[in-house]
Amino acid sequence: RQVQIAGRTLTRREALVCCTNPYSMIGLPAASVPAGRSEGLPVGLQIIGPRRGEQTVLQAARVVEI
């Protein structure tokens, strides 16, 4: 399945990882987690950690995820 974002056609996977991929590619751990709703729409939170900070990112994601 594909989605349109800002006039571009992307696969769902491309749309979901477009914000975390740049950080992963430079060696920083990143996660995007659901963080509630605003005006009925889902809100996500992106967490980016230092190099080799995967455990910190995962711990923060567990605390924030709803």
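Predicted model: local features only at pLDDT ≥ 70, side-chain atom pairs only at ≥ 80, totals over all residues.
Reader: Why is alanine 15 called partly exposed?

Author: Its relative accessibility is 22%. Buried requires a value under 20% and exposed a value over 50%. Alanine 15, at 22%, therefore falls in between and counts as partly exposed.

Reader: Where is alanine 15 placed, and which residues does alanine 15 touch?

Author: Alanine 15 is in helix H1, which covers residues 12-17. Leaving aside residues up to four places away in sequence, alanine 15 touches Val3, Ile5 and Leu10. A contact here requires heavy atoms within 4.5 Å. The C-alpha atom of alanine 15 is separated by 18 Å from that of isoleucine 48, a residue 33 places apart from it along the chain.

Reader: What makes strands S1 and S2 a pair?

Author: Pairing requires at least two bridges between the strands. Strand S1 (residues 2-5) and strand S2 (residues 8-11) have 4 bridges, and therefore they count as paired. Their sense is antiparallel. Within this pair, valine 3 has leucine 10 of S2 as its bridge partner. The hairpin of S1 and S2 has 2 residues between the strands, and alanine 6 in this hairpin takes a positive phi near 50°.

Reader: Why is glutamate 39 called exposed?

Author: The cut-off for exposed is over 50%. Glutamate 39 has a relative accessible area of 82%, and therefore it is exposed. Glutamate 39 lies in the loop between S3 and strand S4 (41-48). Its phi is near 55°, a positive value in a residue other than glycine.

Reader: How do you know that arginine 52 counts as exposed?

Author: The reasoning rests on the cut-off of over 50%. Arginine 52 has 75% relative accessibility, so it counts as exposed. Arginine 52 is placed in the loop between S4 and H3. Phi of arginine 52 is near 60°, again a positive value in a residue other than glycine.

Reader: What makes a set of residues a nonpolar core, and which residues form the largest one?

Author: The largest nonpolar core has 5 residues, namely Ala31, Val33, Ile47, Val57 and Ala61. Strand S3 (30-38) and helix H3 (54-64) each supply at least two residues of this core. As for isoleucine 47, the residues it touches include Ala31, Val33, Val57 and Ala61, not counting residues up to four places away in sequence. Pro29, Ala30 and Ala60 are also among the contacts of isoleucine 47.

Methods
Residues numbered from 1 in each chain as written. Heavy atoms only, no water. Core = buried A, V, L, I, M, F, W, Y, C linked by side-chain atoms within 4.5 Å. Buried < 20%, exposed > 50% of the residue type's maximum accessible area, 1.4 Å probe, protein only.
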